[in-house]
Amino acid sequence: MDIKLTKITGHETKGKVGSINVKKDDSIKVGDTLLTIESSKASVEVESEYEGTINEVLIEEGQEISIGTVMFKIDGKKQEKKAAYKFGLAVAKKEKLEVDLLVIGAGPGGYAAAIKASKEGLKTAIIEKEELGGTCLNHGCIPTKSFVKSANMYNDIINSELYGIKTENTSISISTIVNRKNNIVNTLKSGIEYLLKTNNVKLVKGEANIESLDCIKVKNDKVDIEINPKYLMLAMGSEAVKLNIPGTNLEGVLTSKEILNIETLPKTLTIIGGGVIGMEFAFIFASLGSKVTIIEYMDEILTALDDDILQEIKKCCEEKGIDVYTNAKAEEIIKDENGNLITKFKQQNNEKYVTSEKVLMSVGRRANIQNQDWDKLKIKLTERKNAIQVNDKMETSVKNVYAIGDVNGKVQLAHVATHQGMVAVDNMVNKESIMYYDNIPSVVFTMPEIAMTGMSETMAKKNNIPIKIGKIPFSSNGKALTEGKGKGFAKIIIDKNSNQVLGGAVIGPHASDIIAVITNLVEIKANVEEAAETIYAHPTTSEVIHESLLDTMGKAIHV
Ligand code: FAD
C-alpha cells in the first residue's frame, strides 16, 4: 500500500522534505510523525493515517515533493482517526516521557540550549506555552529592529534629496510595518521549529506545571503529558510590568508587547521610562513623525552610559524633537473628553502634565516566576525574591536544576540568555563551564546606535583602574560620511600599565556590528600595540576602531 503526500499547509502544493523519522521495517501507527516538510510558509509535520510496517522509503531528505508523491510503501492499512470525546470535548491522549533534559521556555535561552543539549547526546524535550522564540523573537529584539528599519528608511526617503533623489508623496502605512514585522517573526519561528525537529528535540506545546522537579506536567485539550527529566532547565523569561499608578489600565496605555501591533500611528506618544527599550521606541516613533515625550524617574536617561555618549545621544534626542523630563515621577494617567491620555508627573516638586494619544509603559520587566511554589520545590530565589538564584555555572539551589536567561534576573539580554544556556548544558555533560559577565556587548538601537563592551570609562574611574582612552569621531570616517552619518565616535579603553584592551564603546553608524571587534579584543586580552597591527578594510566604519586603538598611543592618523 502507498502512503502519499495529501496536504502541506494552506494552498501550498510543493515542499522540501525535512527530516524523515521512519525507516524500512519500522512499525507505524496512526498519529506518528513520519516526516517534516518545509514549505515557503512553515515547517509541517506529516502524521501517519496508517498502521503497519514500512516496506520502502521512496523519498530523501532535501528532495522537493508535491501533493500526490508516493513517499512510503507499507504493509498495513489506513485507520480512521479515533477521537475521544467527553461531554463533547476532545480529550488528549495521556503520555509519559523520560528525558535527560527538559527545558521550560523556548526563548533564545531555552531553544538554543535544547538544540545544543541534543547535539551533545542528551535526550531533550522543551515546553513552550506561547510562541517559539519567546520575548526576543515575538515581542522584543527582532520586532523592534524591524520597526527601526522602517523608521530609518522613512528618514532616508524624506531626506533623499541630499543624495540626489527626489521623492514625492511619501507616506507611512503602519499596518504594512506591522505585517512586515510579523512575516519576519513567522519566518524565524518556522526556522526554530525546523531546528528543534531536525535536532530531535521533542516540542511540547502548553504550560509547564512543575509538580516536582522530576515530574513536570502539561495538560490542555491537545496534550496530556508527564515528563520525568534527569536535568531540568528553567528558561521561562520575563514579562513587561506596568507602574502601580492610577490609569495604567486605560485603553491606549501600552507595554512594549502591544505597541508592536499598533493599528494607527500616534501623533503624540508619551513614554514612561527612558531606559533601553523606552529610548529605542522613542527614536522609532519620533522618526516616523510622532511627537514623543519621555518621563524618566532617574536623573538621566540610559543610566549605564558614559557621560560623553550620554551627551551625544541627548543632542540627537533634541534634534529629533524628543522631549525628555528626568527626575520626573509619573503619578497618574487620566483620559480627557477627547479620548487623549493626560500623564500627570512631578518634577522637582512641580506638578506637570503631558497629553498624548498613547502612553507606552517601559518601566522594566519581571521574571516569570509567579505560578510556582518555589519554596515547596526548594528552589531559592534571589534576595529580592524577584528571580531564581543561580551560581556562575547556572545551577540553582537544587542539584541538576539550572535557570538561564531573564528568569534568573542577571542580565536581560538575548545573547546572555543563549550563552547561559550553553554554559548550563556544558556543565550537565561534565565540560565544566563558568558564566562571565565582564565582557558582554550591549546595544541600544537608537539613531545613531550605541554599543558598549567590557570595561566602561565610568567603571574604570570608579574602581581606580589607571586607563588610557583612544577616541575617534565618525566625522573623520569616509564611509560614515558617504552614508550621511558622521555623528558619534568610537572609544577604546586600555590599561595604562599593561596596554591591554579593557573595553570600548561606539555611538554611530553600524555600532551594533562593529562592537564585535572590540568584544573580541577584550576577550583575547589583546595588547593594544599588537591589536593595532591588524589591517582594517577601507572604507569601512570599523576603521574608527583601528584609529581609536592607535589614538591610545598618540598615533592616530586622522585626528
Ligand atoms: P524569553 O525570551 O522571555 O522566553 C521565555 C519563554 O518561556 C516564553 O516564550 C514564555 O512563553 C515561556 N514560558 C514561560 N513560562 C512557561 C511555562 N510555565 N511553561 C511553558 N513555557 C513558559 N535583548 C537583546 O539582546 N537585544 C535586543 O535588541 C533586545 N531588544 C528587546 C526589545 C524589547 C521591546 C524587549 C521587551 C526585550 C528586548 N531584549 C533584547 C531582551 C530579550 O528579549 C530578552 O532578554 C530575552 O528574550 C530573554 O530570553 P529568555 O530565553 O530568557 O526568555
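This is a predicted model: local features need pLDDT of at least 70, side-chain atom pairs count only at pLDDT 80 or more; totals for chains, interfaces and linings use all residues.
1. **Strand E31.** Start with E31, which covers residues 489-495. The strand is mostly covered, with seven of its seven residues buried. Side chains in a regular strand alternate between the two faces of the sheet. In E31, Phe-489, Lys-491, Ile-493 and Asp-495 point one way. Ala-490, Ile-492 and Ile-494 point the other way. Both sets are buried.

2. **Neighbours of E31.** Which strands pair with E31? One is E30, residues 467-473, which runs antiparallel to E31 over seven bridges. Within that pairing, Gly-470 has Ile-492 as its bridge partner. Another is E32, residues 501-507, also antiparallel to E31, over six bridges. Here Lys-491 is bridged to Ala-505.

3. **The hairpin.** E31 and E32 form a hairpin with five residues between the strands. Asn-499 in this hairpin takes a positive phi near 65°.

4. **The largest core.** Nonpolar side chains tend to be buried together in soluble globular proteins. The largest nonpolar core in this model has 67 residues. Ile-259, Ile-284, Val-292, Ile-313, Ile-450, Val-501 and Leu-549 have the most contacts inside it. Helix H6, residues 276-287, gives the most to this core, with seven residues.

5. **Ile-313 up close.** What does Ile-313 touch, leaving aside its neighbours within four places in sequence? The list is Phe-283, Leu-302, Leu-305, Thr-446, Pro-448, Ile-450 and Ile-507. Of these, Ile-450 is itself among the residues with the most contacts inside the core.

6. **A second core.** A separate core has 58 residues. Its members include Leu-234, Ala-235, Ile-369 and Val-401.

7. **Salt bridges, overall and on the outside.** The whole structure has 31 salt bridges. One joins Asp-25 and Lys-24, at 3.8 Å from N to O. Asp-25 is exposed, because its relative accessible area is 54% and the cut-off is over 50%. Another joins Lys-96 and Glu-226, with the closest N and O atoms 3.7 Å apart. Lys-96 lies in strand E11 (residues 94-104) and Glu-226 in strand E16 (residues 224-234), so this pair ties together parts that are 130 residues apart in sequence. Lys-96 is exposed too, with a relative accessible area of 60%.

8. Through shared partners, salt bridges join Asp-306, Asp-308, Glu-457, Lys-461, Lys-471 and Lys-491 into one network.

9. **A nonpolar patch on the surface.** Leu-162, Tyr-163 and Ile-165 form a nonpolar patch on the surface. Together they have about 350 Å² of accessible area. Ile-165 lies in the loop between helix H3 (141-158) and helix H4 (174-198).

Notes:
Residues are numbered from 1 along each chain as its sequence is written. Side-chain values use heavy atoms; hydrogens and water are left out. Buried means under 20% relative accessible area, exposed over 50%, partly exposed in between (1.4 Å probe, protein chains only). Helices (H or I, at least four residues) and strands (E, at least two) are DSSP runs, numbered from the N terminus. Two strands pair if DSSP finds at least two bridges between them. A nonpolar core is a set of buried Ala, Val, Leu, Ile, Met, Phe, Trp, Tyr and Cys residues joined through side-chain atoms within 4.5 Å. Contact means heavy atoms within 4.5 Å. A salt bridge is a side-chain nitrogen of Lys or Arg within 4 Å of a carboxyl oxygen of Asp or Glu. Patches are made of residues with over 30% relative accessible area and no salt bridge: like charges are joined within 9 Å, nonpolar side chains (Val, Leu, Ile, Met, Phe, Trp, Tyr) within 5 Å. Accessible areas come from the Shrake-Rupley method with a 1.4 Å probe; for residues, only the protein chains shown count as cover.
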